[in-house]
Amino acid sequence: MTFPVSPRLNVQTKDLRRVVRFGMVGVIATVVHWLVTVSVTELFQMNPLVANAVGWGTAVAVSFVGHWTVTFRGHESSLLRSGLRFLGVSTLGFAANSLIYGALLAINPLLYPFWLSMTLALVAVMTCLLSNLWVFRRG
């Protein structure tokens, strides 16, 4: 037995699936960012704020590939356009991340893994909104 589905419900379901996919890719990229940053800090005794740049660079690649192929598949935006927009949004996110993370590290640098977690969560919300509303939008 089948039930008629309204077009509005179909759009909401599509949006919900996109949010779930965005979350999955974002969590993977965030975990990569955190692991690389903490590993580089510990293994090379690097300043956590500097190691954060290494983690960010790695996470940007993971995130773009994931969002391009999974989250926003079928978006009809060119690779170059989306790539440049994504890099712009990611750079803005990294700037916000660095400012917030740097301020938190000044409070207590020994808590750097915790501060990084908090910072990544805050910046993820901003990145999600900008990616959905601008980066992968056609035109």
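**Figure 1. Buried residues of helix H3 in a predicted model.** The model shown here is predicted. In H3, the buried residues are Ser82, Arg85, Phe86, Val89, Ser90, Gly93, Phe94, Asn97, Tyr101, Leu104 and Leu105. An α-helix has 3.6 residues a turn, so residues three or four places apart point the same way. Look along H3 for Ser82, Phe86, Ser90 and Phe94, which are among its buried residues. In the protein chain as a whole, 32% of the 139 residues are buried.

**Figure 2. Helix H3 from end to end.** H3 covers residues 79-107, which is 29 residues. How far apart are the C-alpha atoms at its ends? They are 41 Å apart. At 1.5 Å a residue, the helix should span 42 Å, so the two values agree.

**Figure 3. The largest pocket.** This pocket holds about 380 Å³ of space. Its lining has 21 residues, and the closest to the pocket centre are Ala29, Thr30, Ser63, Ala124 and Thr127. Which elements give two or more residues to this lining? They are helix H1 (7-44), helix H2 (48-71), H3 and helix H4 (112-135). H1 gives the most, with 7 residues. By type, the lining has 11 nonpolar residues, 10 polar residues and no charged ones.

**Figure 4. The second largest pocket.** The volume here is about 230 Å³. Its lining includes Asp15, Arg18, Val19 and Phe22. Phe72, Gly74 and His75 also line this pocket. So do Cys128, Ser131, Asn132, Phe136 and Arg137. H1 and H4 each supply at least two lining residues. The largest share comes from H1, with 4 residues. How many lining residues are charged? There are 3, alongside 5 nonpolar and 4 polar residues.

**Figure 5. The four helices in context.** The protein chain has 4 helices and 0 strands. From the N terminus on, the order is α-α-α-α. The C-alpha trace spans about 60 × 35 × 25 Å along its principal axes. Take the contacts between residues at least 6 apart in sequence: 68% of them join residues at least 24 apart.

Figure 6. Which element has the highest confidence, and which the lowest? H2 is highest, at a mean of 95, and H4 is lowest, at 87.

Conventions: Residues numbered from 1 in each chain as written. Predicted model: local features only at pLDDT ≥ 70, side-chain atom pairs only at ≥ 80, totals over all residues. Heavy atoms only, no water. Expected span 1.5 Å × (residues − 1). Buried < 20%, exposed > 50% of the residue type's maximum accessible area, 1.4 Å probe, protein only. 1 Å grid on protein atoms, 1.4 Å probe; cavity = no way out; pocket = protein on both sides within 12 Å on 5 of 7 lines; lining within 4 Å. Points joined across faces, edges and corners; volume = space filled by probe spheres on them. Nonpolar A, V, L, I, M, F, W, Y, C, P; charged D, E, K, R; others polar. pLDDT = per-residue confidence, 0-100. Contact = heavy atoms within 4.5 Å.
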